[in-house]
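Thanks for coming, everyone. Let me put the sequence and the model up, and then I'll talk you through a few spots.

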Amino acid sequence: MTPDFSQLFPQPATLKLDHSAARTDYSALLAVIPTTVAQVIPSPSVSYRQDDSLPGQGFVIRIAASGIEIAMADEPGRLYAHYCLAQLIELCHGQVPSLTISDQPAFAKRGVIVDISRDKVPTMAALFKLVDFWSALRINQLQLYTEHTFAYPQHQAVWQDYSPMTAEEIQALDRYCRERGIELIPNQATFGHMEKWLCHPQYRHLAEQTTGFYDHRGDFRPESFGLNPLSDSVTEFIAGLLDTLLPNFSSDTLNLNFDETMDLGAGASQQACEQQGKGQVYLNYLKKVLGLAHARGKSCQIFSDMLFQYPDILPHLPGDLELLNWGYEEDHPYDDEHRQLAEFGYPFQVVVSTNTFASVAGRGQAARVHMRRAAESALKYGACGYQVSEWGDMGHAQQHFTALPGYVFGAAMAWDPHRHASVNAGLLVCTHFGEAYTQAQPLIDRLQDAYLTSGVVTPNCAFYGPFVFDQRSGRHIRRAEIASAEQIAAAMDDLSSLKADIAGLPASALQAEMLWTADCMLLASQIALSYANAGHRDITALPQQEKARILDKLALVEEAYADLWLLHYRPGGLRQSASRLGYLRALCQVELEPEVTER
């Protein structure tokens, strides 16, 4: 019986089977195939050949009864050939037919960006296991998105409650990544998203403003957010951060971020922005920080979102600056944006998302659709890479398992979207994270697509996140489109049925995470139902019986939150994230005094 080669991941460029030859038992090789770079299979039946005619990271495997020959373009090609050969032997149960298989990636750079600045910092054990997983997915870059969660010795006040990455941990992770063909790229916010610094009195002099601002959606944000781009003190501050951070990395690249500079011009730089334009002020500061990085031997990346806000500066960027163009929605205008970047000849990568952020379970369909569109557009306009991001907005409430299918799908698109009409994420996840995923994956898929029939639509996330974890700002709640109470109740019945199916799985940490996810989705749905029944969106003003229903469901979510968090993440940040649940509980416990009617 011919093996099902469609189970190979990623799908190879070519596979030619010799039907006339008998199968050969290569099962003994499986235990000795290396999973690190610059290693060879210690067997006389395997030979290697450097082939400079192959594309970068490419390989050819020829399997016959007489032996196995691996031709590779470079060391990454050798590693990927090993991964492919191991899959072939497993798929064929050791009895491998004679065949020739060749492969190479569509994108030279294929990365993952993990948010460690929204409360959750993975343990080293969790990071190492993920690196093994990503390497097998042929990911070759990793960034830990960092605002305040590196242990800068001179800035302990900023990170002391967040279990940050230490210099020694970064160095260990850098070595571990390099051994598995992954470049660990330093990442440090240097303009916007600095609120975790600027909330401390000793850093407020670095802020653009300290009185609050209105963001791009018109919502008022009371906090300091971005750095003052005109301040010499800011330049000195950034130089100090880079001097401490960069020596821990072997990479020659640095991501400065520079995204979502929402309060630029709202305070210290207002006059300069009025006189020169926000774009020019942005560009001037960018050149300052690039100078700091270049003086320390680093080439740089920034996110490109603000460039489309200030298109007048697009022709004037340094030519060696790599742009990371992010977009996470099904209808994102990739072609329009990529066309502009390609027009000026800038090297760029596209950045997609697992779409778990602010959504509790994730948005499966949204992730799959935008990931594929992003890859196809990026290839059309000559992008050099494809990055899969995992963000943690609104307390990083999503469980560990939720991002894994997105990593697999994103890696498939990064390798070559045209070869992956469908992607079996469960098979790869099961191989690396345990048999529990085999039975669970169909239920995970249902969890991640439940938002489609939930009866509630919110901007750029599934409503489960903001309704539970962002009651304080209420930004997404105000903008939510809430269907009829009947539709929400029907969606809750479906969720309850899904939860019952999850309860039928064998007991495991994965099952516990899935049950919590279902409970949290039911809690959010109960809040939405209460809003629909009441005709308003003020929890404090709901009838007591509605508050009691919310509190009952909230108790289940709060009860397991800490234990599940600590399975994969450090304790720092847990209190801050859990306080969002405490805020919701406090709202439900407010008892309004009855109105007194004058007679």
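Some ground rules before that. This is a predicted model, so local features need pLDDT of at least 70, side-chain atom pairs count only at pLDDT 80 or more, and totals for chains, interfaces and linings use all residues. Residues are numbered from 1 along each chain as its sequence is written, and side-chain values use heavy atoms, with hydrogens and water left out.

Okay, rings. Two rings of Phe, Tyr or Trp (for Trp, its six-membered ring) pair if their centres lie within 6.5 Å; planes under 30 degrees apart are called stacked, over 60 edge-to-face, and the rest tilted. Counted like that, there are 31 aromatic pairs. Take F258 and Y282: they sit edge-to-face, 5.5 Å centre to centre, with 85 degrees between the planes.

Next pair: W565 and Y569. Their ring centres are 6.4 Å apart and the planes are at 65 degrees, so this pair is edge-to-face. W565 is buried at 2%, and Y569 counts as buried at 11%. W565 also has a lysine on it: K120 lies over the face of the ring, 5.1 Å from the ring centre. Over a ring, by the way, requires NZ of Lys or CZ of Arg within 6 Å of the ring centre and within 35 degrees of the ring normal. There's an arginine case as well, with the charged end of R180 over the ring of Y176, 3.5 Å from its centre. And if you want a whole cluster of rings, look at F150, Y152, W197, Y203 and F237, which are linked by ring pairs.

On to the helices. Helix α13 (residues 425-433) and helix α14 (residues 436-449) pack with their axes 8 Å apart, at an angle of about 145 degrees. The axes are lines fitted to C-alpha atoms, over the stretch in contact for helices, and angles run from 0 to 180 degrees between N-to-C directions. Which residues meet there? From α13 you have G426, V429, C430 and F433, and from α14 Y437, T438 and Q441. Contact here is heavy atoms within 4.5 Å. That set splits into 4 nonpolar, 3 polar and no charged residues; the nonpolar class is Ala, Val, Leu, Ile, Met, Phe, Trp, Tyr, Cys and Pro, the charged class is Asp, Glu, Lys and Arg, and the others, Gly among them, are polar.

Now some single residues. E546 is in helix α19 (residues 544-565), and this glutamate is buried, at 10%. Setting aside neighbours within four places in sequence, E546 contacts Q526, S530 and N533.

D18 is in the loop between β1 (14-17) and β2 (24-25) and is partly exposed, at 34%. Not counting residues up to four places away in sequence, D18 touches S98 and L99.

P247, in the loop between α6 (232-245) and β13, is exposed at 61%. P247 and Q275 are 28 residues apart in sequence, and their C-alpha atoms are 39 Å apart in space.

The peptide bond from F9 to P10 is cis, with omega near -10 degrees, and P10 is in the segment before β1. D119 has a positive phi, near 80 degrees, in a residue other than glycine; D119 is in the loop between β8 (109-115) and α2 (124-136) and is buried at 7%. N257 has a positive phi as well, near 70 degrees. N257 is in the loop between β13 and α7, and N257 counts as buried at 1%.

Methods: Buried < 20%, exposed > 50% of the residue type's maximum accessible area, 1.4 Å probe, protein only. Helix = DSSP H or I, 4+ residues; strand = E, 2+ residues; numbered from the N terminus.
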